[in-house]
Each structure stands twice: as structure tokens, then as C-alpha cells.
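The exercises below concern one protein chain, and each task is followed by a solution worked step by step. Please keep the sequence and the coordinates at hand while reading.

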Amino acid sequence: MSCVGCQDGAGFEVPITMAFQPIVDVENQQVFAYEALVRGQGGQGAADILSHISADNRYSFDQLCRKTAIELAATLNLSAGGANLSINFLPNAVYEPRACIRVTLAAALQTGFPLNRIIFEFTEGEEIDTRHILNILRCYRSMGFKTAIDDFGAGYAGLGLLSKFQPDIVKLDMDLVRGIDTDRAKRTIVRHTLAMLREFNIEPVCEGIETVGEYDALRDLGVSLLQGYLLAKPAIAALPSVSWVNPTFEMARSA
């Protein structure tokens, strides 16, 4: 496979932009990172944009997303307060990591965006060759990027991948988070998953937080990095403000 289709994003004809959603460090009331989420320039959601991806253009789509995310993040001065930029990538669109990183490096160099503030995040729900994703992750780490597994616990890779490579961040699947305050089984699963991640020195992130009850339950389990509508919704081509809620757990702890 040549790199012709993924040099600069040429070949994916649907105009895109990015929405940014914060990952919040609620312990220190700081934004840890902003996740870049693809959107259409006409306001189309991610599902609409993703429906245009094919085997012929996924390489260029992946490169275009990286370039767009970095350029917008630099324009918005995203890293000024120490926040990271989390970019989702398609493992099956990366045939050779060092070749397909050139657009990322060029965009960061041209905009002055710091490389050590970039997190590469992939969803383990995409069926992948484990050796291939390990090659990508190890290469990215060697170049100074942070790495993250998204939707952990819901996909193909799971514990097998984690036994071979420990990323900087693991984002727990939102189905484990939804309603965790009223579901004992979910609390048990998340509690033991968190213990495992901490033993590996991996930062856990819980996403999909929508209620104060979920927030309280996760804080009670010691989770500091949270993402969800309770704290901030994605904003297109903008950095949304965070709602610094004062839920029950925080009130009780400070009493």
C-alpha cells in the first residue's frame, strides 16, 4: 500500500470540521484534554460523516481528521492552559506508522502545536490485528505522543492487548458508566478495572457522565478524569466552558 492516498487528506471529499469536548480533572478543576470529534461543516453529526468512509478513502479521511484537529486546536490556543488534544485514529487506516505520521508532524510544526500535548486514541471496538496496533502504539510512544484506548471493555482487544502494551490512558466504555450509581454489578466491574489500571500506572477516564448520581459514584471509586454532558457538551470549532458542578460526593468530602 502506498502513501499516495493519505498524504494530506486529499481524496475525502466531504468537508469536515471538529467539535471539542473536554476531559475534566475534577480533582483539580482543570481541563486535562479536549477530544476532537469529527463533524460536517454543515453541522452534520459524526455518523453522517463516517457513512462516507470506504476502503478507498479511509486513509485520506484519517489524515484529514488529524490535520483539521491540530489546526483548529492551534487556532483556539487549546494547549495554553496545559490541556492535551486527543485525536481519534483508525488503526486500519495506518499501514505504516512512521509513514502515516508525516501529515501530523507537518501540521504540528506549521501551527506550533506541541507534540507532547497530543494523545492518539483508538476504539477497541474496531476489529484489528493485535500485532498491527501494537506496532502503531509503540511507534507513537517512541515519538513522544501519548496513547489511549477508548471504549475499554466493549470491543475486540481488551485484556489481551493490555497485557502486551500499557497505554497512558484507558477510557472505560460508557455502558459501564451509565447508571453505575444504581447498578451494583457495574460498580464491582469498574472498581476492579480501576484497581488493575492503577497497578499498571494507567490513567483511567470515565466518559458518558450525564447525572450527578453517576458523578458521585465514580468519585467515590476514586476517578478524577471524567467526560460527559454533565460537565460539558461538545462545541463545534470552539472550546466549551465546563460546568463545575458541586455534587453530593464533593459536598460530603468537604464537610
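**Exercise 1. State which residues of helix 8 (residues 212–220) are buried, and what follows the helix.**

Solution. In helix 8, the buried residues are Glu 214, Tyr 215, Asp 216, Ala 217, Leu 218 and Arg 219, where buried means under 20% relative accessible area, exposed over 50% and partly exposed in between, with a 1.4 Å probe and protein chains only. Helices (H or I, at least four residues) and strands (E, at least two) are DSSP runs numbered from the N terminus. After helix 8 comes Gly 222, which has a positive phi near 90°.

Two conventions hold throughout. The model is predicted, with local features needing pLDDT of at least 70 and side-chain atom pairs counting only at pLDDT 80 or more, while totals for chains, interfaces and linings use all residues. Residues are numbered from 1 along each chain as its sequence is written, and side-chain values use heavy atoms, with hydrogens and water left out.

**Exercise 2. Describe the aromatic pairs around Phe 89, and say why the pair with Phe 120 counts as edge-to-face.**

Solution. Rings of Phe, Tyr and Trp (its six-membered ring) pair if their centres lie within 6.5 Å, and planes under 30 degrees apart count as stacked, over 60 as edge-to-face and the rest as tilted. By this rule there are 7 aromatic pairs. In one of them, the ring centres of Phe 89 and Phe 120 are 5.9 Å apart and the planes stand at 90°, so this pair is edge-to-face. Phe 89 lies in the loop between strand 3 (84–88) and helix 3 (102–111), whereas Phe 120 belongs to strand 4 (residues 118–123), so the pair ties together parts that are 31 residues apart in sequence. Both Phe 89 and Phe 120 are buried.

The next step is the pair of Phe 89 with Tyr 140, which is also edge-to-face, at 5.7 Å centre to centre and 70° between the planes. Tyr 140 lies in helix 4 (residues 130–142), 51 residues from Phe 89, and the pair thus links distant parts of the chain. The relative accessible area of Phe 89 is 3%, and that of Tyr 140 is 0%. Finally, ring pairs join Phe 89, Phe 120, Phe 122, Tyr 140 and Phe 145 into a cluster.

**Exercise 3. Characterise the largest cavity and the setting of Ser 86, one of its lining residues.**

Solution. On a 1 Å grid over the protein atoms alone, a cavity is a set of points where a 1.4 Å probe fits but cannot get out, a pocket is an open set with protein on both sides within 12 Å along at least five of seven lines, and lining residues have an atom within 4 Å of a point. The structure holds 1 cavity of 30 Å³ or more, and the largest has about 30 Å³ of space. Its lining includes Ile 23, Phe 32, Ser 86, Ile 119 and Glu 121. Strand 4 and strand 6 (169–172) are the elements that give two or more residues to this lining.

Ser 86 is found in strand 3 and is buried, with a relative accessible area of 1%. Its side chain makes a polar contact of 2.5 Å with the side chain of Glu 121; such a contact is a pair of N or O atoms within 3.5 Å, where within protein one must be able to donate a hydrogen and the other to accept it, and residues adjacent in sequence count only if both atoms are side-chain atoms. Leaving aside neighbours within four places in sequence, Ser 86 is in contact with Tyr 34, Glu 35, Ala 36, Ile 119 and Glu 121.

**Exercise 4. Locate Asp 151 and Asn 201, and give the phi of Asp 151 and of Asn 201.**

Solution. Most residues other than glycine have a negative phi. Asp 151, in strand 5, has a positive phi of about 55°. Asn 201 lies in the loop between helix 7 (184–199) and strand 7 (203–207), has a positive phi near 60°, and is exposed at 70% relative accessibility.

Methods: Grid points are joined across faces, edges and corners, and a volume is the space filled by probe spheres set on the points. Contact means heavy atoms within 4.5 Å.
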